[in-house]
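Morning, everyone. Please have the model open while I talk.

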Amino acid sequence: MKVNKRGIVAAGAIAIVSTLTLAGCSTGTSSDDTSGSDDSGKLVVWVDAERVDALQGAADAYQEKTGVKVELTGKSVDDMKDDFIQQVPTGKGPDIVMGAHDWLGELSTNGVVAPIELGDSSEDYLPVALQAATYDGTVYMLPYAVENIAVLRNADLVPAAATSFDDMLSKGTFVVEQGTEGNPYHLYPFQTAFGAPVFGTDDTGSYDSTDLQLGSEGGFAFADWLGAQGAAGVLNTDIDGEIAKQQFLDGTAAFWLTGPWNVGAATDAGINVAIDPIPSPTGETASPFAGVKGFFVSSESKNKVAANDFLVNYIGTEDVQLDLFKAGNILPALTAAADTAAADPIIAGFQAVGADAVPMPAIPAMGAVWEFWGVAEAAIINGEDPAATWQKLVDDVTAAIK
């Protein structure tokens, strides 16, 4: 595999440091009782079990170059975050863990992650990936993948992309999952088109929990629009994820707002899928949330120098990011790798929409938003007064954050 040029110099330093400051690193036992041991010259990395093979080449190359063994431990995604938070304060757990950027608020609050020094390589990543990896102005994650929703269009039913939300409705049936409790994640692009993000940002570009934008003029305009779409039957809380999928697969719907995780089902059904920008109801950009995946370094790792080097100069290479792409078919976070992957028009479509995406807020206050947001939107879609319902949402979230 190709190694970043920065890693060539770092390798010699790591080989020396590994016998000094890297002592006491992880053993990688089956009980996950790892970071507190005295086995020098080893990094233990918890990863999604489906991505162990994609990372083995990087692990082997790092050991060959530096003498530091990288032990990959496959874990269930469902357990990884909680296990990491519980074990790090005890001096156990891994040196590095794979996870999602929206873990950052909880990880940072619990003091279990260490900053990552990207150096000049920070310029090599998609802007939204770097933004998502940053919390309170500090980078804590090495990003490897970016995921966002877009419009899947049945190109046999509708040959050309819609130019606006109304144009889309004139061309064919549109479907998006909602459910009885709503689904604000999927409706967020339309909300941003009204100029109503959840939170404003501070001078560093980080989300500011004291600047709740839901209650802006744009928020109430979006609520009115939601009510109108519900009344017209365009948005329907009876449509859950499975129903939305089936309507697209059987040709009832020509447009489906969803993510890359559903593309396979559509292509397997023989649908000629095109990936389109999310049509705006206002003329302003409809920006979806971006979810970014990456790697975090344990705050209690005794191998932080090696961990940082392995992530930046090995995981942060085009070859490895493309290996991870092949394992999950999610757009790489490294720009060069993303551009290579975008030779596939499906990936290129999601990349184009993702250029306008914004990171899902990782701050703890976002939990208060999720608690009330979907229920309020569902109520509006089902005929409740938009202004009063949206105002209650704003009041409930404000109270919960305080």
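First, the ground rules. This is a predicted model: local features need pLDDT of at least 70, side-chain atom pairs count only at pLDDT 80 or more, and totals for chains, interfaces and linings use all residues. Residues are numbered from 1 along each chain as its sequence is written, and side-chain values use heavy atoms, with hydrogens and water left out.

Start with two helices, α8 (residues 217-232) and α16 (residues 386-401). Helices here are DSSP runs of H or I, at least four residues; strands are runs of E, at least two; both are numbered from the N terminus. The axes of α8 and α16 come within 9 Å and cross at roughly 130°. Axes are lines fitted to C-alpha atoms, for helices over the stretch in contact, and angles run from 0 to 180 degrees between N-to-C directions. That angle makes α8 oblique to α16. For the cut-offs: under 35 degrees is roughly parallel, over 145 roughly antiparallel, 65 to 115 roughly perpendicular, and the rest oblique.

Who makes the contact, meaning heavy atoms within 4.5 Å? On α8, look at G219, F220, F222, A223, D224 and G227. On α16, look at P386, A387, W390 and Q391.

Now the core. A nonpolar core is a set of buried Ala, Val, Leu, Ile, Met, Phe, Trp, Tyr and Cys residues joined through side-chain atoms within 4.5 Å. Buried means under 20% relative accessible area, exposed over 50%, and partly exposed in between, with a 1.4 Å probe and protein chains only. The largest core has 129 residues. Within it, F295, F310 and W373 touch the most other members. Beyond four places in sequence, W373 contacts residues including P184, Y188, F289, W390 and L393.

Next, helix α3, residues 77-87. Which of its residues are buried? They are M80, D83, F84, I85 and Q87. Among the elements covering them are β1 (42-48), β2 (69-75) and β14 (289-298).

Two loops now. D136 sits between β5 (134-135) and β6 (138-139). Its phi is near 55°, positive in a residue other than glycine. D136 is exposed, at 58% relative accessible area. N329 lies between α12 (318-328) and β15 (331-332). N329 also has a positive phi, about 60°, and is not a glycine. N329 is partly exposed, at 44%.

Last stop: T66, in helix α2 (residues 52-66). T66 is buried, at 6% relative accessibility.

Terms used
Contact = heavy atoms within 4.5 Å.
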